[in-house]
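Take a look at the structure below.

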Amino acid sequence: MCGIIGVTGRSGVSRLLIDGLRSLEYRGYDSAGIAVQTEDGLTVLRRAGKLAELDAVVSELEPFGTVGIGHTRWATHGAPTERNAHPVVDGPERVAVIHNGIIENHEVLREELVATGVEFRSDTDTEILAHLVSRELAGGASLGQAVRTTAQRLEGSYAFAAISADHPGVLAVVRCQSPLILGVGDEASYLASDIPALLPHTKRVMSLDDGDVAVLTPGTITVTDVDGVEVERDVRTINWDPVQVQKGGYRHFMMKEIEEQPSAVSATIAQCLSEDAEHIRIPALDALGPRLETIKRITFVACGTSWHAGLAAKFYVENLCGIPVDVDYASEFRYRQMQAGPDHLIVPITQSGETLDTLTAVRQAKAAGSPIIAVVNVAESSADREADASVLTVAGPEIGVASTKAFTTQLVALYMLALDLASRRGALTREQLDERVQPLRRLRFAMEGALRHKEHVRRIAYHFSQARDFLFLGRGVNYPIALEGALKLKEISYIHAEGYPAGEMKHGPIALIDANMPVVVIATPGRVYDKVLANIQEVRSRDGQVIAVCAEGDERVRSQADHVLEVPVVDEDISGLVNVIPLQLLSYYIAERRGCDIDQPRNLAKSVTVE
Ligand code: F6R
């Protein structure tokens, strides 16, 4: 949601800003703009719609300068029009501001500014920032001071950056509970809301704490904390490769990321093994110390696809450790009478590490005394920093809005977390734990095997591409996979789809089934295999069309289903990682056939940093 980029110390800055915004497109947006400090003041260019609109005008005018800011806006306050696009300027157009987040007290501040004669030219909450910074500068403040004084008046979550025509070469930025990362260069400095925008320029990054203000000049970054005291913040080198944020010959990031899953899952497994790669070892559990023994309950909190991973984790932890588990939508958890405390472990699951609902749930649980272990893909993201410890998934940057490799890496990390927890609490012996390593090592080959059926999945997808509704059924550890299959389909193809536990079908959804209703059933070997076959019969006897995900060569399923999506067989516990692949492919090809914007589906944002 909203992408931010800022650069100081590079010539041709307007092109860098456009390229930076392009690498943040996946976050979701509906207008875009840049502001460049030029010899004549500030040149601000904004357009509603896709980046191509802005790119066209920037290419024509090519404002020249070495300092600039850029923004992709996902509308919250005010329609997605040019008038409301960022950067937003003050009255004399000497200050330009970009902002991610929501200023909750913007109405009060707006009234105050209007009372002093300020005229507003947009409907955004952001515009107050430009006027407040401008007022401070007029009173003699430096740009950094002006941003700090403005931030002191704000309520809400935000990251905002400002440039001023009267402060050449300087960028100032403040962060409070919204994503922001700084890039450290030798002769240039950068800011962005996410790492992909920085990768082409530098791998040295700095994170800010809440309330920090950073002043960037070419090659220097000065940070002051919430009290205005100058502080040092760590600079770390990120190990993501710039090629990971390029399509590399694929039409869509989503397909590239589906195909990257075997290697991403292998890398995540390796991360959860001891140095000799023989034993499962989750160092994050060490952070709990003696508290590990006293944990009586675990709650996984997450949103969307990550919440589905949480449902699978419930299955793992309850089966392996015998600890009661809840799985909660973060947006619900945070508004309920919270069950949290020192003997209640909270595990946020988040790809981005910046989803506001998930972060708020973490903060509240932490305040209630719960230990927090995050399962997160982005190191140094807010979730990683705020948790007591993290299990890092190794999916690399996920650019397609529809989550794929982040999900499967979450599944495997959660499974390994459950195994290590079970062993540390005496529910599994060391030998039993070690026996699980080999099947995990083989998992990559099974996932590659599932990908080899791609062409067959495509044919089935094309056959059903005009369906109006879909039902996805699964049981046990494959129930979350059914939910995930349905979510993928609705996200990228806009076909209505529902996921259900197969055994629940009789209690309602069966009424939907007729000859026009494709029903995807996950029917791979496991404890509930026979039950699922019975569910297939129930669908067939109501003329529903069954597309079954089944083991390669499973004649029983083949004889009962209308179509099969075959996958290699693995242990039931980890079967979701393989079974989800044909479902991801099915959605992809249906969306492709329907001409949908696969990587940036309508209305969706990759990183949901507002409530
Ligand atoms: C679906 C999808 C979303 C995210 C959700 C949580 O394909 O990507 O449902 O899973 O917005 O995001 P994270 O995991 O970044 O907290």
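**From a side-chain pair to the ligand**

The side chains of E552 and H453 make a polar contact at 2.7 Å. This is a predicted model. E552 lies in the loop that runs between β24 (545-551) and α20 (555-560). With a relative accessible area of 40%, E552 is partly exposed, because that value falls between the 20% and 50% limits. Beyond its neighbours within four places in sequence, E552 is in contact with G449, H453, E566, V567 and P568. L16 is 536 residues away along the chain, and its C-alpha atom is 49 Å from that of E552.

Next, R175. This residue belongs to strand β8 (residues 171-176). R175 has 4% relative accessibility, so it counts as buried, the cut-off being under 20%. Its side chain makes a polar contact with the side chain of S382, at 2.6 Å. Leaving out residues up to four places away in sequence, R175 touches a set that includes Y158, D209, D210, D212, E354 and R385.

Now the ligand. It sits in the largest pocket. The ligand is surrounded by 13 residues, and the closest are S306, T350, Q351, S352 and T355. Helices α10 (304-321) and α18 (479-493) each supply at least two residues of this shell. α10 gives the most, with three residues.

Which side chains place an N or O atom by a ligand oxygen? S352 does, at 2.7 Å. K488 does too, at 3.0 Å. A polar side-chain atom of E491 lies 2.8 Å from an oxygen atom of the ligand. Taken alone, the ligand exposes 400 Å², and the protein buries 91% of that.

Key:
Residues numbered from 1 in each chain as written. Predicted model: local features only at pLDDT ≥ 70, side-chain atom pairs only at ≥ 80, totals over all residues. Heavy atoms only, no water. Helix = DSSP H or I, 4+ residues; strand = E, 2+ residues; numbered from the N terminus. Buried < 20%, exposed > 50% of the residue type's maximum accessible area, 1.4 Å probe, protein only. Contact = heavy atoms within 4.5 Å. Polar contact = N/O pair within 3.5 Å; in protein donor to acceptor, adjacent residues only side chain to side chain. Near = heavy atom within 4 Å. Areas by Shrake-Rupley, 256 points an atom, 1.4 Å probe, with all protein chains shown as cover. 1 Å grid on protein atoms, 1.4 Å probe; cavity = no way out; pocket = protein on both sides within 12 Å on 5 of 7 lines; lining within 4 Å. Sits in = over half its atoms within 2 Å of the grid points.
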